[in-house]
Amino acid sequence: MPDAIDLLKIRRSVKPREMSGPGPSPAELDTILTIGARVPDHGKLTPWRFIVFEGDARARAGEVIAQVFAGKNPAALQTEIEIEKRRLMDAPLVIAVVSFTRPHPKVPPWEQELSAGASAMNIVTAATALGYGANWLTGWFAFDRDVLTGLGVKADEKLAGFIHIGTPSKPSEDRPRPALADIVTRF
């Protein structure tokens, strides 16, 4: 297992289409989800939860996405509908991070939403530390209320994103990163 600082220096997103099996074992998935739940959470509100898609659940979710897409795009070609069906099929595991807020006198909604984002990043980092590729994505369907309802996301919840996890099929290339001089100021 790489040193934590070294891991964070080399972490990069792996495209789902560049992932294959195997995915995490049940014990590794428990570890990933446990680490996903170990994030800053002012007020101990737990303003997030996880939906796990693996095996046939990925295809069932794809059916929901495709049905909504077809209903909203009656002129869509069958090839376009097939693309929508496969949205969660590349990686062997997809974890949706669901975000919700609770009224609280000291913890504004923005802070609760940031906690969900931290949870998603912890999931990506944990998967990477275990040797898997990971990618945190959204897409139109992550914001479509009909899709979200079909996936079991309640009316008062949002989706922070889908995290695709699998075995990288090739080395991942890094992208340009910002120079610290361009993003850091000192007060």
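**Figure 1. The buried side of helix α2.** In this predicted model, helix α2 spans residues 26–36, and its buried residues are L29, I32, L33 and G36. Here, buried means under 20% relative accessible area, exposed means over 50%, and partly exposed lies in between, with a 1.4 Å probe and protein chains only. Helices (H or I, at least four residues) and strands (E, at least two) are DSSP runs, numbered from the N terminus. What do the buried residues of α2 pack against? Their partners are the strands β2 (48–54), β3 (93–100) and β5 (157–168), together with helix α5 (109–129), where contact means heavy atoms within 4.5 Å.

**Figure 2. Helices α3 and α4 cross.** Helix α3 (residues 56–72) and helix α4 (residues 78–85) have axes that come within 7 Å and cross at roughly 145°. The axes are lines fitted to C-alpha atoms, for helices over the stretch in contact, and the angles run from 0 to 180 degrees between N-to-C directions. This crossing of α3 and α4 is right-handed; a crossing is called right-handed if the near helix is turned clockwise from the far one by less than a right angle, and left-handed if anticlockwise. On the α3 side, the contact is made by G62, E63, I65, A66, F69 and A70, while α4 brings E80, I81, E84 and K85. Sorted by class, the contact of α3 with α4 has 5 nonpolar, 4 charged and 1 polar residues. For these classes, Ala, Val, Leu, Ile, Met, Phe, Trp, Tyr, Cys and Pro count as nonpolar, Asp, Glu, Lys and Arg as charged, and the others, Gly among them, as polar.

**Figure 3. Backbone details in two loops.** Let us follow the loops on either side of α2. G21 and P22 are joined by a cis peptide bond, with omega about 0°, and P22 lies in the loop between β1 (19–20) and α2. The loop between α2 and β2 holds K44, which has a positive phi of about 50° although it is not a glycine. K44 is exposed, with a relative accessible area of 74%. T46 also lies in the loop between α2 and β2; its phi is positive too, at about 45°, and T46 is not a glycine either. How accessible is T46? At 35% relative accessibility, T46 counts as partly exposed.

**Figure 4. L114 of helix α5, and the whole chain.** L114 has its place in helix α5 and is partly exposed, with a relative accessible area of 45%. Stepping back, the protein chain has 7 helices and 5 strands. Of its 187 residues, 39% count as buried.

**Notes on the views.** Residues are numbered from 1 along each chain as its sequence is written, and side-chain values use heavy atoms, leaving out hydrogens and water. As the model is predicted, local features need pLDDT of at least 70 and side-chain atom pairs count only at pLDDT 80 or more, whereas totals for chains, interfaces and linings use all residues.
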